[in-house]
Amino acid sequence: IALLSGFLLPGLSPPAAAQSRNWWTLSEVETAEKGKFKELLTKKKVYVNVSFADARPNSPLNSAERNDVTQAVHQAISAQKDLQMVTYPEAADFAVLVRASMAQGRGDRGPNFSLLLDPEAEVSIEVSVVVPGGKQADGPRPRIVWEASSPNAQIEAASAARFTVDGFLWELKKLREKK
């Protein structure tokens, strides 16, 4: 038994204490700390993470659409002269997490307002802005300082993501102008 203690058997995961978490990711199972928007007042370096999913039947994941969403978010942030996008999250002061997804509509909502989307498609956008939170035994916990979501944006994912990120950037600009 002592010889097997250093190995993991298939299907078993390491104990929770051995797993680590990152301040720039949000987990579905754990709760993040709640922070204050003014924590971003002096922060300049931003890491951007865009994820995209398409859950419509017979709809393959569209890499062009994923690229459009990522490009729209990057353009919005790079237009801000006082922010610097960084490639690695370890170098960032805060992170902007964008989740875009498309699903088949249930028919209980009105049609979308895009000529490019299937009339039954629903676009969901979630944007969370996180900073490093309290240190835990398994790593730092993320602290959410701003978030917005739209379960049915009714426009293309890239436009919805850009609109939501622009809303965050507008609020950040107003915060910094007060200083």
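**Salt bridges**

I started with the salt bridges and counted 7 in the structure. My criterion was a side-chain nitrogen of Lys or Arg within 4 Å of a carboxyl oxygen of Asp or Glu. The model is predicted, so local features need pLDDT of at least 70 and side-chain atom pairs count only at pLDDT 80 or more, while totals for chains, interfaces and linings use all residues. Residues are numbered from 1 along each chain as its sequence is written, and side-chain values use heavy atoms, with hydrogens and water left out.

I looked up Glu39 next. Glu39 bridges to Arg143, with the closest N and O atoms 3.0 Å apart. Glu39 sits in the loop between strand 1 (33-34) and strand 2, and Arg143 in strand 6, so the pair ties together parts 104 residues apart in sequence. Helices (H or I, at least four residues) and strands (E, at least two) are DSSP runs, numbered from the N terminus. Glu39 is partly exposed at 24% relative accessibility. For burial I used under 20% relative accessible area as buried, over 50% as exposed and in between as partly exposed (1.4 Å probe, protein chains only).

Then I turned to Arg176. Arg176 forms a salt bridge with Asp82, the closest N and O atoms being 2.6 Å apart. Arg176 is in helix 2 and Asp82 in the loop between helix 1 and strand 3 (84-85), 94 residues apart. Arg176 counts as buried at 12% relative accessibility; Asp82 is partly exposed at 32%.

Arg99 was next on my list. Arg99 pairs with Glu126, the closest N and O atoms being 3.4 Å apart. Strand 4 holds Arg99 and strand 5 holds Glu126, so the bridge ties together parts 27 residues apart in sequence. Arg99 is partly exposed at 27%, and Glu126 is partly exposed at 34%. I also noted one network: salt bridges that share partners join Glu33, Glu39 and Arg143.

**Nonpolar cores**

I took a core as a set of buried Ala, Val, Leu, Ile, Met, Phe, Trp, Tyr and Cys residues joined through side-chain atoms within 4.5 Å. The largest has 33 residues, and Leu40, Ile77, Phe94, Val96 and Phe168 have the most contacts inside it. Among the elements giving two or more residues are helix 1 (63-78), strand 5 (121-136) and helix 2 (157-178). Helix 2 gives the largest share, 9 residues.

I checked the surroundings of Leu40. Leu40 touches Phe94, Val129, Val131, Val145, Phe168, Leu172 and Arg176, leaving out residues up to four places away in sequence. A contact here means heavy atoms within 4.5 Å.

I also listed the buried residues of helix 2, which include Thr164, Val165, Phe168, Leu169, Leu172 and Arg176.

**Aromatic pairs**

Rings of Phe, Tyr and Trp (its six-membered ring) pair if their centres lie within 6.5 Å; planes under 30 degrees apart are stacked, over 60 edge-to-face and the rest tilted. By this rule I counted 4 pairs. Trp23 and Trp24 are edge-to-face, at 5.7 Å centre to centre and 90 degrees between the planes. Trp23 is buried at 8%, and Trp24 is buried at 12%.

Trp146 and Phe168 have ring centres 5.3 Å apart and planes at 55 degrees, so I logged the pair as tilted. Trp146 is in strand 6 and Phe168 in helix 2, so the pair ties together parts 22 residues apart in sequence. Both Trp146 and Phe168 are buried. My last entry is one aromatic cluster, formed by Phe37, Phe94, Trp146 and Phe168.
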